[in-house]
Amino acid sequence: MTTEQVQPRGLTRRDLLRASAALGLTALPGARAPASSGASPAAGPIMKPLPPELFTVFGTNAETKWEALRGQGYHTPIDRFFVRNHTATPTIDAETWRLKLFGSGLHGNPTVAQPIEFSYADLCALPSQEISAFIECAGNGRSFYTSQQGQTVSGSAWKLGAVGVARWRGVRLSTVLRRAGLTPTAVDVMPSGLDAHFISNGVDLGAVRRPLPIAKALKDVLLAYEMNGEVLPPDHGFPVRLVVPSWIGIASIKWVGSLEVSDQTLTSPWNTEFYRLFGPDYPAEGSLPLTRQVVKSAFELPWPATLQVDRRHLLTGRSWSGNGAVRRVEVTADGGTTWRPARPIGRTSRTGWLRWEIPWRPTATGNYQLLARGTDDTGVSQPEIAPYNTLGYLFGAVVRHPVVIA
Ligand SMILES: Nc1nc2c(c(=O)[nH]1)N[C@H]1C(S)=C(S)[C@@H](COP(=O)(O)O)O[C@H]1N2
Ligand SMILES: [Mo]
């Protein structure tokens with residue numbers, strides 16, 4: 001559910017500029033002067049605090065702990081929203097930052113050397129829109145390929161916390177593309193990040209970037225500068241990031257510096273080497289590049305959880321899908337003999353998630369597994385087994401949450 005606003009609501013342009021100046025001064029004392037790209041490295045890979053009660057840290061990434069969402073509202077607060085950085089959060093000066101558009105899909109074929117530019121103030125002055133959408137890493141749930149299916153996969157061993165839902169405000173990508181002179185023959189748009197180049201096995205793969213087909217780019221993609229009503233935080237892409245609803249997280253390029261618009265198909269390692277399905281069931285070059293997320297469900301419980309016997313516990317959780325709104329969630333505590341419907345809390349949404357609750361009164365001590373299974377409005381339910389792929393993407397099978405009844 002989205003509404004186009006003619007005026008930026010929430011923060012004004014002046015608020016944003018003032019806040020960005022303050023961020024630059026206070027967030028990073030001793031930071032180096034901006035490099036020519038307008039970016040400079042931070043002290044650590046992530047700037048915001050990562051207290052252990054909110055996050056599990058994996059190298060340059062931080063996973064949200066699901067128990068930290070219990071009692072929170074619909075949206076994931078910024079202080080507990082997961083961070084996935086290929087390298088490190090850069091510091092970018094919004095005053096000198098420019099979004100640069102070039103390529104054969106724009107009238108006059110502007111070049112990298114002479115691109116069409118939008119300043120931060122230009123973007124903030126365009127009609128804005130706010131959407132509520134999840135951003136979820138394609139590898140979310142990857143560790144369950146190993147723990148539930150006995151399969152070896154590579155990448156961060158996320159549980160289910162590489163996902164969050166936020167309110168994103170920004171300008172529609174379609175608005176910017178049209179103002180830049182989009183031609184009818186454009187096929188792909190490649191957003192590129194201003195963070196450091198990604199080095200993989202000693203090879204410099206360049207800036208983090210991934211092409212987006214023009215149909216998706218024009219449909220519901222946002223160039224976002226606000227998150228949950230605040231200036232977009234550095235870790236989440238300040239000053240501007242893409243938000244690509246329903247698609248895997250890599251599509252939502254943070255710290256976007258340029259957009260190549262092309263009348264030819266574009267490629268980058270992020271749609272050829274990564275973010276496809278590889279393995280025995282796929283062609284050598286992999287599946288087609290991944291797009292939509294799969295259906296998933298998670299309990300707002302510690303891993304493992306400990307609950308008291310002979311008490312009524314109100315279990316809570318959330319389910320979401322890249323295909324559309326989640327319509328139904330069922331829960332079992334007896335390994336699937338009996339599935340009970342969870343009660344929906346509030347709204348469901350095509351691009352966000354559904355919150356739910358279900359009471360449970362365990363009557364014997366011991367080790368249990370709680371399972372939640374979501375079904376979306378295209379009729380797709382979570383399977384028992386997720387299709388194996390070597391990079392461990394799209395783990396959509398029902399997750400077995402360990403619970404100790406004491
Ligand atoms: N420039 C840039 N954009 C990026 C990334 C990155 O490392 N650099 N990581 C991507 C991946 S893999 C994911 S899952 C999301 C994570 O967004 P978040 O850190 O705001 O949660 O950002 C995407 N955009
Ligand atoms: Mo990701």
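Q: What makes the five strands β19-β26-β25-β21-β22 an open sheet, and how do they pair?

A: In this predicted model, the five strands follow the order β19-β26-β25-β21-β22 with mixed pairing. The sheet has edges because β19 (305-307) and β22 (340-341) each have a single partner strand, so that one side of each is left without a neighbour in the sheet.

Q: Why is the contact between Asp195 and ligand 1 called a polar contact?

A: A polar side-chain atom of Asp195 lies 2.6 Å from a nitrogen atom of ligand 1, and a pair of N or O atoms within 3.5 Å is what the term requires, so this pair qualifies. On the same cut-off, a backbone N or O atom of Ser252 at 3.1 Å from a nitrogen atom of ligand 1 qualifies, as does an N or O atom in the side chain of Lys254 at 2.6 Å from an oxygen atom of ligand 1.

Q: How much of ligand 1 does the protein bury?

A: Taken alone, ligand 1 exposes 540 Å², and the protein buries 100% of that. The space taken by ligand 1 is the largest cavity.

Q: Which residues come nearest to ligand 1, and what makes up its shell by class?

A: Of the 20 residues around ligand 1, those that come nearest are Phe82, His86, Asp195, Arg241 and Lys254. By class, the shell consists of 10 nonpolar, six polar and four charged residues.

Q: What makes the peptide bonds from Phe238 to Pro239 and from Trp303 to Pro304 worth noting?

A: Most peptide bonds are trans. The bond from Phe238 to Pro239 is instead cis, with omega near 10°, and Pro239 is found in the loop between β15 (230-231) and β16 (241-243). The bond from Trp303 to Pro304 is likewise cis, with omega near -5°, and Pro304 has its place in the loop between β18 (296-299) and β19.

Q: What is the phi of Asp310, and where does this residue lie?

A: Most residues other than glycine have a negative phi. For Asp310, phi is near 60°, a positive value in a residue other than glycine, and Asp310 lies in the loop between β19 and β20 (313-320).

Key:
Residues numbered from 1 in each chain as written. Chains lettered and ligands numbered in written order. Predicted model: local features only at pLDDT ≥ 70, side-chain atom pairs only at ≥ 80, totals over all residues. Heavy atoms only, no water. Near = heavy atom within 4 Å. Polar contact = N/O pair within 3.5 Å; in protein donor to acceptor, adjacent residues only side chain to side chain. Areas by Shrake-Rupley, 256 points an atom, 1.4 Å probe, with all protein chains shown as cover. 1 Å grid on protein atoms, 1.4 Å probe; cavity = no way out; pocket = protein on both sides within 12 Å on 5 of 7 lines; lining within 4 Å. Sits in = over half its atoms within 2 Å of the grid points. Nonpolar A, V, L, I, M, F, W, Y, C, P; charged D, E, K, R; others polar. Pairing = 2+ DSSP bridges. Helix = DSSP H or I, 4+ residues; strand = E, 2+ residues; numbered from the N terminus.
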